[in-house]
Amino acid sequence: MIPRKFEYYRAKSVKDAIDFLSTHEGAKVIAGGQSLVPLMKLRIVSPTYLVDIGRIEELRYIRVGDKGELRIGALTTHAEIEESELIRERWPVLAETAEKIADVQIRSRGTIGGSLCHADPAADYPPTLIVLGSEVVVRGKEGKRIVPVEDFILGPFTTNIEENEILEEVVIPPYNGKAGFTKFARREGDLAVVNAAALLKADNGKVEDIRVAVGGVGPKPVRLEALEDKVKGGVIEEDKLSSAIDEAVKELEPPTDVHGTSEYRREVTKVVLKRLILDLYRR
Ligand SMILES: Cc1cc2nc3c(=O)[nH]c(=O)nc-3n(C[C@H](O)[C@H](O)[C@H](O)COP(=O)(O)OP(=O)(O)OC[C@H]3O[C@@H](n4cnc5c(N)ncnc54)[C@H](O)[C@@H]3O)c2cc1C
């Protein structure tokens, strides 16, 4: 289908984009266009103005900040994250996550900021960013706000961002321990039926800390804190882990859709979580 008529504006800077968004009702940001354009073609979204931020170079970078944190500009593409030597070396789980997103075309155009603002419940970055304790920097007329990724995503396709704000940056603390991401999809390149990430620190077989998050199994990605509490402080035994996972999965409310029933998603989640945690523990 063809989108409804709209006016196009190419923003010259973040400030210019915010000024335009603040003074034009019905204006919407476009970054890589990989999620927004399909929605416009289906006429699910019909902005009056399209504010193109795609050429704002100040939003395209990957660097390490003063406290050793990774700072990624919102316009950085999935492919740039996948290929970054810095990320592969020091935040490898993020590169592993990016390389599982869609196909090479979408990874070359789609951006980390666009993915987070689109807030598809099955998107791949959120579980990984959540277990790493990441935050986003959002800028509007009144200045900047820093929001944990966990609180930024409110529900399906809904985030904690105002219509006249821009997501500028994703900030990811350094981590030690082992982190992993896994995705179960019906076909290579599809959105996940279930995805999950975990960060595990163990000493002599004893789990000192663990964080686990899942996506695709509810309105938004969630951290499984009750599961973490059961695993923390001891050695991992397979049968005990299975029952802790079963308990955690009972609390989830996965949707039924064309990709599978709620019950199917629950079963897949159990398998995905068990494999992920055991793999990290034994690695
Ligand atoms: C066929 C297909 C398969 C896909 N498979 C996967 C997959 O396996 N895993 C996965 O995680 N994703 C998948 N995606 C989504 C893909 O990753 C998109 O690239 C991403 O979700 C959006 O990034 P974008 O830069 O293209 O955003 P756009 O489409 O330009 O924008 C998306 C939304 O975010 C807003 N926005 C964008 N940037 C900003 C910003 N900086 N500040 C404020 N608002 C902003 C826009 O207004 C819009 O509402 C898939 C998409 C398609 C079409």
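1. First, the ground rules. This is a predicted model, where local features need pLDDT of at least 70, side-chain atom pairs count only at pLDDT 80 or more, and totals for chains, interfaces and linings use all residues. Residues are numbered from 1 along each chain as its sequence is written.

2. Domains. The protein chain is assigned domain 1 (7-52), domain 2 (57-172) and domain 3 (178-282); bounds like these come from an automatic or database domain assignment. Taken over C-alpha atoms, the centres of domain 2 and domain 3 are 22 Å apart. Their contact takes 22 residues from domain 2 and 23 residues from domain 3, with two residues in contact if their C-beta atoms, placed from the backbone, lie within 7 Å.

3. What does the side of domain 2 that touches domain 3 consist of? Helix 5 (92-98), helix 8 (125-131) and strand 8 (153-155) each supply at least two residues. Helix 8 gives the most, with five residues. Helices (H or I, at least four residues) and strands (E, at least two) are DSSP runs, numbered from the N terminus. By class, this side of domain 2 has 13 nonpolar, three polar and six charged residues. Here Ala, Val, Leu, Ile, Met, Phe, Trp, Tyr, Cys and Pro count as nonpolar, Asp, Glu, Lys and Arg as charged, and the others, Gly among them, as polar.

4. Five strands line up in the order 4-5-10-6-7, with antiparallel pairing; strands pair if DSSP finds at least two bridges between them. Strand 4 (62-64) and strand 7 (143-148) are at the edges with a single partner strand each, so one side of each has no neighbour in the sheet. On average, neighbouring strands are turned by 25° against each other, direction ignored.

5. Inside that sheet, strand 6 (residues 135-140) and strand 10 (residues 166-172) pair antiparallel over five bridges, and Val136 has Val170 in strand 10 as its bridge partner. Helix 1 (residues 14-23) packs on the sheet, touching strand 6 and strand 10, and its direction makes about 135° with that of strand 10. Axes are lines fitted to C-alpha atoms, for helices over the stretch in contact, and angles run from 0 to 180 degrees between N-to-C directions.

6. Parallel pairs. Strand 3 (residues 49-52) pairs parallel with strand 1 (residues 7-10) over four bridges, and four bridges also join strand 2 (residues 27-30) to strand 3 in parallel. Val51 of strand 3 is the bridge partner of Tyr9 and stands opposite Val29.

7. The core. The largest nonpolar core has 77 residues, of which Ile53, Val131, Ala196, Ala198, Val212 and Ala213 touch the most other members. Such a core is a set of buried Ala, Val, Leu, Ile, Met, Phe, Trp, Tyr and Cys residues joined through C-beta atoms within 7 Å. Beyond its neighbours within four places in sequence, Val212 contacts residues including Val131, Ala196, Ala198, Arg223 and Glu228.

8. Two backbone spots to check. Arg43, in the loop between helix 2 (36-41) and strand 3, has a positive phi near 60°. Asn204, in the loop between strand 12 (194-203) and strand 13 (206-215), has a positive phi of about 50°. Arg43 is exposed, with 11 other C-beta atoms within 10 Å, and Asn204 is exposed with 6. The cut-offs: buried means 20 or more other C-beta atoms within 10 Å, exposed 12 or fewer, and partly exposed in between, with C-beta atoms placed from the backbone.
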